[in-house]
Amino acid sequence: MKLLLGTILTVALLVIGILIIKTYKETHKLARIVRKVLLVGLIVVLFNIISLYTHYAKVCLLAYCGYFIASAWMLYYLLQFSIEYIGHRFEDHINKTGMILLLIADSVSVAINYFRPYQFTLNPVTVMNESYYELDATIWFIVHYGIILMLVTFCLISLFYRSYTAPVFYRRKYLTIAVIMVILVILNVFTITSAIDVSVIGYVIEGIGIYYCVFVYTPQKLLSKTLYHVSQDMSVGVFVMDIEGNILYINKYAKPLLSEENPLVNKKDITLETWCRNQYLNRLENFTEEHTFYCKDTEIVLKIQLQRMVDVKSHLQGGYFVIQDRTEEINKLKKERYQAHHDPLTDLYNKAYFCEKARSYINRHLEEKLLMICTDIKDFKMINDFLGPKSGDTVLINFANMIKEQIPQALIYGRLGNDIFAILMKKEDFDESFFIREEQDALLQGTEKTVSFPIISYTGVYEITEHALPIFVMCDRARMAMSTIKGDYHKRIAYYDDNLRASILHEQELISNLSTAIAEEQLQMYLQPQMDADGNLLGSEALIRWIHPEKGPIMPGDFIPVFEKNGLISDVDRYIWEKACTLLKKWKDEGREDLYISVNISPRDFYFLNIFQIFTELIEKYDISPKNIKLEITETAIVMDFNRQMDLITRLRQTGFVVEMDDFGSGYSSLNMLKDIHVDILKIDMAFLKKANDEERSRKILKMVIALSKQLGMPVITEGIENAEQVQFLTEMGCEMFQGYYFAKPMDVATFEAQYLK
Ligand code: C2E
Ligand code: MG
Ligand code: MG
């Protein structure tokens, strides 16, 4: 018997030891209390084993004292556990300090028994030929026993109370511990004073029991019910099949998918349910795949996952399918992909995707002769402004549709941005007529507006000779070609070639050299005298020269158009105007206030500069008279924004500046304009006569213009005079001022001064 009990207790000791170690994995408060219960329980068992096996009365007495003290503390921790376990704070129910003091007092009173046994003594007895010590308790033992019973009672009250109030799934948990505790009490009452005390087993079971309830026990019913609800409410379809492929369980989501009224079928007309069953019974592995099914004509993309459950010998036990409807997600993805690749307005490829597609095509067809074509609508900004942005958009859509419908040979096309479209095409398929057809009506379709100016497109073509170039560079080349047409009404299409490239490079070089040129005074003001018929000096025109340190003098015709294109002309002009005023000031100081200088104003200056302010500031700065400055304005500048420019001219004239219309007759001048444009002087270029086929007829017109102009109070100056005959007939016609090589070529200031201002 002793051996049996000893073995049981040793095993219990080991088990408790292992459980203690396991509790270290958990960190919550309850785990710490469980650990304390088990630790004290370990001591209880240890003392019990000692008391069981010792032959010495004193040792046995000591073990009993230890056993009683430890069991009281174990019950204390059990109480703490019971209260915390049911979800309350131990301190809220029990005065912790009071309880500890009480237990210390009890421990001391039990310990005293070792020296002076007054609560109990031990008597050696023999049971079944084995010697034991039997407890002989006195009336004082009731003190210790009372405390024990009080602790047990508290524990039971809290556990029973909790099992009464707890949801049904948890009741078992609390009841288990309470019942074990009742067993412990019974064992204790009945065996504590007998030779073989098995009540310690109650402590062991209680320790193991709370460990089980805290760390191991899960309410199965709750679990299955919860799982049922979770799977019912899931936003994926779930159904479970038995070994024969019968559906055992199906959640809410899966029901319509497997509905017989509106079955989902695949392309082979097999329903989803049959398909799943076939896979389940015939395929041996789990899978997750996407398949397309149809409900009537609606396409539904399903992500189907099969999970087969097998036993240890890999025999199929059952399985379940998880089905997810991915249609919306996939449509959204498709849409997003489409949007990422297409221009929202015209529905053509956007720039990035056009480049990607073109790159891929070019890489796959290196042997083909291909063209990169860029096309845009002339003055689209103006159209937008005139028609309004909504109609502007319609024009762009129409343009895109024209490319789509009328150039079927285009391999890849897209909108690069604004009004610029790009097309990749085989050279052999290219036909200029695609790009120079009449477009006005087609482009304006749907805008309910008519415009008085022509709407046409410009096209630039680059034949792809360097396949490795980035696509945007190819487009740039086509656009470079396109940019050469701007302003030319007759030309609609231009081709990129090496000359164009060279000239563009040249332009770029000019642009990048400009600031150095200004800083190093490479830009110089030349003067060309203006004379009366007798060759007396009246004044001069300031004409710019770029004296390049390496290239020598560059004529304005070579760089002014470049700077006019990008607006840099304004810097150049301001520079020359400043030079002219400096010179006028110098002349004034030298007493030559009678001379004037004509300066040129580029049409672009009207956009970039406040001309009125600049000139008024200049005359103030240099203290010169406005009548010494003539401002040469071209017709183009005035026509671009007639009212504004006329207003400016009026203000300049009122301030005293002399305004001259340069190059009259070279543009689209009409006699009508003469009456509307109020300037001080009209400047006619002799090139006007040279250009004409019928010189006689032109002379008649010239004569009339001069007469008319004089009548309107505008004297005429003629430039480009190359011989005496011209001076003579112009004088006869009434012209009084002349400028031209016949009198003198433009010259630098020093030469001019030396020649005319001695
Ligand atoms: P423009 O203002 O009409 O200047 C007259 C041009 O005719 C000058 O050419 C002049 O050298 C040239 N010329 C003068 N007499 C004769 C002649 O008898 N026969 C021939 N064939 N040509 C003659 P240039 O200096 O080459 O200037 C060309 C144009 O460049 C100017 O035409 C003007 O529009 C522009 N330009 C020159 N300097 C400036 C400037 O500082 N600013 C601006 N914005 N434009 C300028
Ligand atoms: Mg001029
Ligand atoms: Mg001129």
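Is Tyr 228 buried, partly exposed or exposed? At 41% relative accessibility, Tyr 228 counts as partly exposed; buried means under 20% relative accessible area, exposed over 50%, and partly exposed in between, with a 1.4 Å probe and protein chains only.

Before going on, note that this is a predicted model, in which local features need pLDDT of at least 70 and side-chain atom pairs count only at pLDDT 80 or more, while totals for chains, interfaces and linings use all residues. Residues are numbered from 1 along each chain as its sequence is written, chains are lettered from A and ligands numbered from 1 in the order in which they are written, and side-chain values use heavy atoms, with hydrogens and water left out.

**Stop 1: aromatic rings**

The whole structure holds 34 aromatic pairs; rings of Phe, Tyr and Trp (its six-membered ring) pair if their centres lie within 6.5 Å, with planes under 30 degrees apart counted as stacked, over 60 as edge-to-face and the rest as tilted. Select Tyr 228 and Tyr 249: the ring centres are 5.8 Å apart and the planes stand at 65 degrees, so this pair is edge-to-face. Tyr 228 belongs to helix H9 (residues 220-233) and Tyr 249 to strand S4 (residues 247-250), 21 residues apart. Helices (H or I, at least four residues) and strands (E, at least two) are DSSP runs numbered from the N terminus. Tyr 249 counts as buried, at 19% relative accessibility.

Next, select Tyr 64, Tyr 67, Phe 68, Phe 120, Phe 141, Tyr 145 and Tyr 203, which ring pairs link into a cluster.

**Stop 2: strand S16**

Select residues 596-601, strand S16; 5 of its 6 residues are buried, so the strand is largely enclosed by the rest of the structure. S16 pairs in the parallel sense with strand S14 (residues 537-548) over 3 bridges; two strands pair if DSSP finds at least two bridges between them. Ser 540 has Ile 597 of S16 as its bridge partner. Strand S17 (residues 629-634) also runs parallel to S16, joined by 5 bridges, and Glu 632 in S17 is the bridge partner of Asn 600.

Now show the side chains of Lys 630 and Tyr 596: the charged end of Lys 630 sits over the Tyr 596 ring, 3.5 Å from its centre. This requires NZ of Lys or CZ of Arg within 6 Å of the ring centre and within 35 degrees of the ring normal.

**Stop 3: magnesium**

Donors are N, O and S atoms within 2.8 Å of the metal (3.2 Å for Na, K and Ca); water is not among the atoms, so sites may look incomplete. Asp 662 bridges this ion and the magnesium ion (ligand 2), the two lying 3.8 Å apart. Glu 719 is buried, at 11% relative accessible area.
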